[in-house]
Amino acid sequence: MSSWELLIENRVLTSGVAGWFVAQVLKTLIHAILTGRFQAERLVGSGGMPSSHASTVCAMAAAALRVYGEGSFEFAITVMVAIIVMHDAMGVRLETGKQAKLLNEITAAFRNLEHTPFSGFSSEKLKEFVGHTPLQVLAGAILGILIGAFMP
């Protein structure tokens with residue numbers, strides 16, 4: 001069996017990829033519905049509803065449970081990684097996005113003044129979609145668990 005075939009038959013890996021892909025597509029559609037405009041960047045971008053980070057790691061954990069069982073080290077590893085990733089998405093990364101938004105607002109306000117030391121700064125905005133709210137993480141986790149549990 002080739003390496004490619006082994007990768008395709010790895011249920012934990014394919015569940016994780018499917019969890020990421022489905023969440024990214026849903027995130028893009030939800031963003032388009034809420035804002036009235038399609039942004040292709042949302043297909044690969046961070047932040048938004050549902051969390052593709054949570055969907056990916058929970059799909060892998062659910063698949064590991066299904067394939068290896070609750071007493072396996074594979075399941076234990078995927079659960080611990082899922083907890084760390086989801087905690088980080090709601091914590092540090094969410095705060096980073098909030099700070100980026102505030103810094104973008106401050107920088108824009110200073111650029112509008114006539115005499116300011118900020119006039120030479122880059123006009124490139126910081127990314128504001130970085131982390132997730134608890135609801136976005138929960139939605140991603142549920143999506144991932146369903147994908148990992150029911151993927152053939």
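Predicted model: local features only at pLDDT ≥ 70, side-chain atom pairs only at ≥ 80, totals over all residues.
**View 1. Packing of helix H3 against helix H4.** Helix H4, which comprises residues 73-90, packs with H3 at an angle of about 165°, and the axes of the two helices lie 8 Å apart. H3 passes H4 in a left-handed crossing. On the H3 side the contact is made by His-53, Ala-54, Val-57, Cys-58, Met-60, Ala-61, Ala-64, Leu-65 and Tyr-68, while H4 contributes Glu-74, Phe-75, Thr-78, Val-79, Val-81, Ala-82, Val-85 and Met-86. Sorted by class, the residues of this contact comprise 14 nonpolar, two polar and one charged.

**View 2. Crossing of helix H2 with helix H3.** Helix H2 spans residues 11-35 and helix H3 spans residues 52-68, and their axes come within 7 Å of each other while crossing at roughly 150°. That angle makes H2 roughly antiparallel to H3, and the crossing in which H2 passes H3 is right-handed. From H2, the residues Arg-11, Val-12, Ser-15, Gly-16, Gly-19, Trp-20, Ala-23, Gln-24 and Lys-27 meet Ser-52, Ser-55, Thr-56, Ala-59, Met-60, Ala-63, Ala-64, Val-67 and Tyr-68 from H3. The contact of H2 with H3 holds nine nonpolar, seven polar and two charged residues.

View 3. Gly-16 is found in helix H2 and counts as buried, because its relative accessibility is 3%. Leaving aside residues up to four places away in sequence, Gly-16 touches Thr-56, Ala-59 and Met-60.

**View 4. Crossing of helix H2 with helix H6.** The axes of H2 and helix H6, the latter formed by residues 134-150, come within 9 Å and cross at roughly 135°, which makes H2 oblique to H6. H2 passes H6 in a right-handed crossing. In this contact Ser-15, Ala-18, Gly-19, Val-22, Ala-23 and Leu-26 of H2 meet Leu-143, Ile-147 and Gly-148 of H6. The residues of the contact divide into six nonpolar and three polar, with no charged residue among them.

How values were computed. Residues numbered from 1 in each chain as written. Heavy atoms only, no water. Axes fitted to C-alpha atoms, helices over the stretch in contact; angles between N-to-C directions. Helix = DSSP H or I, 4+ residues; strand = E, 2+ residues; numbered from the N terminus. Parallel < 35°, antiparallel > 145°, perpendicular 65-115°, else oblique. Left-handed = near helix turned anticlockwise from the far one by under 90°. Contact = heavy atoms within 4.5 Å. Nonpolar A, V, L, I, M, F, W, Y, C, P; charged D, E, K, R; others polar. Buried < 20%, exposed > 50% of the residue type's maximum accessible area, 1.4 Å probe, protein only.
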